[in-house]
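Welcome! Please open the model in your viewer and keep the selection tool handy, as we will go from stop to stop together.

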Amino acid sequence: MRIDPSDLATFLAIARHRSFRAAATELGVTPSALSHGLRNIEERLGLRLVNRTTRSVALTEVGERLFARITPAFRDIDDALEDLNNFRGKPAGTLRFTAARQSAQLVLLPIVTRFLNEFPDVSVEIVINDALIDMVAAGFDAGVRFGETIAADMIAVPIGPRHRFAVVGAPAFFKSRKAPSTPHDLKGLPCIRYRFTSGALYHWEFERGGIELAIDVTGPLTMNDQDLMVDAALDGIGLAYVFEQQVEGLLAKRKLVRVLADWCPAYPGFFLYYPSRRQLPAALRAFVDFAQAPAK
C-alpha cells in the first residue's frame, strides 16, 4: 500500500473545508474528480475516512485521527517552502487570517491594506469568524482578537491603539428617561444585550478608581453583531455598549449621546496571534513586524 503526498493533500483539503466543492475550488479540480480521488485513497487504505451525504461532509474517527497526525507535517512542509522566499529578497505567498468582525474592521483591515501596498507579492485572505477555532487545523496563519480570548499556546503581540467602550443611546431615548450616573443605574433602563457565539451573554464591564463592576443588563433586544447594535441604538430601542471607535462620527453629529464615559477605561486592545513555530514563513514574519511598527 502506497499513498502519495498529493493524495494526502486531497484528503487534507476535504477535511479542512468539510466540503467537496470548497476543497475542489482550492485544488483547482472538479468536485467529482475530488470525490473519485478520495474513494481511491479509501480503497487503498481499506478504511473509510469521510462520511458524506448530499448535505454534509464529516470525518470518521479514523479520518479525524489521520487529519490530526498529518496536519503538522504538511504545515512543516509549507513552512520550509515559504522559507525559500528569504532567498528571493522579498516576502511572497498567501496569508490567511481569522478574526471577529470588529477585530477585522477596527484593526486588521487597515493594517492589511497598508501592508499590501508595501508587499505586492503577498496576498491576504480574511475570514470573519466570531467563534474560537483551531486555527492550525483550519489552515490559518494568524488571527486577531482581544488578548483574553487567545489560547495560551499561541504567540500574541499587541497591534493597534488601546480601545475604549462607550455606552450610547439616541437623543430621543433620554427625553423621557434620566441618564445613568453610575453603572448600577443601567438596571432600570432598556439595554441592547450582546450574545457571544458560545451562547453566553456579555456582562457590561466598567472600572473607575479601582472599582470594577460587571453589570448583567436587561432589555428587549439581544444581538450578536455590534454594528447592528449601533443601528438599534439609533432607532431608540435601548442603550448599546460598543467600541468607542464605532460611534465617534455619530457622537460628533449628535445622532447618539454618550453616558458613563468616566466608567469606561481604555483596554490594551487587540492582539495578533499565531502558532509557535521553529521558522515563521517570510510573509508572516514581514506582517508581524509591519503590524507592530508605527503607522507612517
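Before the first stop, one term: a helix here is a DSSP run of H or I with at least four residues, and helices are numbered from the N terminus. Keep in mind, too, that this is a predicted model.

**Stop 1**

Select Q102, which you will find in helix α5. Is Q102 buried or exposed? Its relative accessibility is 9%, and residues under 20% count as buried, so Q102 is buried. Now show what surrounds Q102: leaving aside residues up to four places away in sequence, Q102 touches V107, Q226, D227, F243, Q246 and F270.

**Stop 2: the open sheet**

Next, colour the five strands that make up an open sheet, in the order β4-β3-β5-β15-β6, with mixed pairing. At the edges are β4 (122-128) and β6 (154-159), each of which pairs on one side only. From one strand to the next, the twist averages 25°.

Zoom in on β6 and its partner β15 (residues 270-275), which run antiparallel and share six bridges. Here you can pick out I159, standing opposite F270 in β15. That F270 is one of the residues touched by Q102 at the previous stop.

**Stop 3: helices against the sheet**

Which strands does helix α5 touch? Select residues 101-118 to see α5 packed on the sheet, in contact with β3 (93-99), β4, β5 (142-146), β6 and β15. The direction of α5 makes about 175° with that of β4.

**Stop 4: a pair of helices**

Move to helix α1 (residues 5-17) and helix α2 (residues 20-27), whose axes are 8 Å apart and which pack at an angle of about 130°. Because of that angle, α1 is oblique to α2. Their crossing is right-handed.

Show the side chains where they meet: T10, A13, I14, R16 and H17 come from α1, while F20, A22, A23, E26 and L27 come from α2. Sorted by class, this contact has six nonpolar, two polar and two charged residues.

**Stop 5: a hairpin**

Finally, select β9 (residues 204-208) and β10 (residues 211-215), an antiparallel pair with five bridges. Look for W204, which stands opposite I215 in β10. How many residues lie between the two strands of this hairpin? There are two, and G209 in the turn has a positive phi of about 55°.

Key. Residues are numbered from 1 along each chain as its sequence is written. This is a predicted model: local features need pLDDT of at least 70, side-chain atom pairs count only at pLDDT 80 or more; totals for chains, interfaces and linings use all residues. Side-chain values use heavy atoms; hydrogens and water are left out. Two strands pair if DSSP finds at least two bridges between them. Axes are lines fitted to C-alpha atoms, for helices over the stretch in contact, and angles run from 0 to 180 degrees between N-to-C directions. Contact means heavy atoms within 4.5 Å. Angles under 35 degrees count as roughly parallel, over 145 as roughly antiparallel, 65 to 115 as roughly perpendicular and the rest as oblique. A crossing is left-handed if the near helix is turned anticlockwise from the far one by less than a right angle, and right-handed if clockwise. Ala, Val, Leu, Ile, Met, Phe, Trp, Tyr, Cys and Pro count as nonpolar, Asp, Glu, Lys and Arg as charged, and the others, Gly among them, as polar. Buried means under 20% relative accessible area, exposed over 50%, partly exposed in between (1.4 Å probe, protein chains only).
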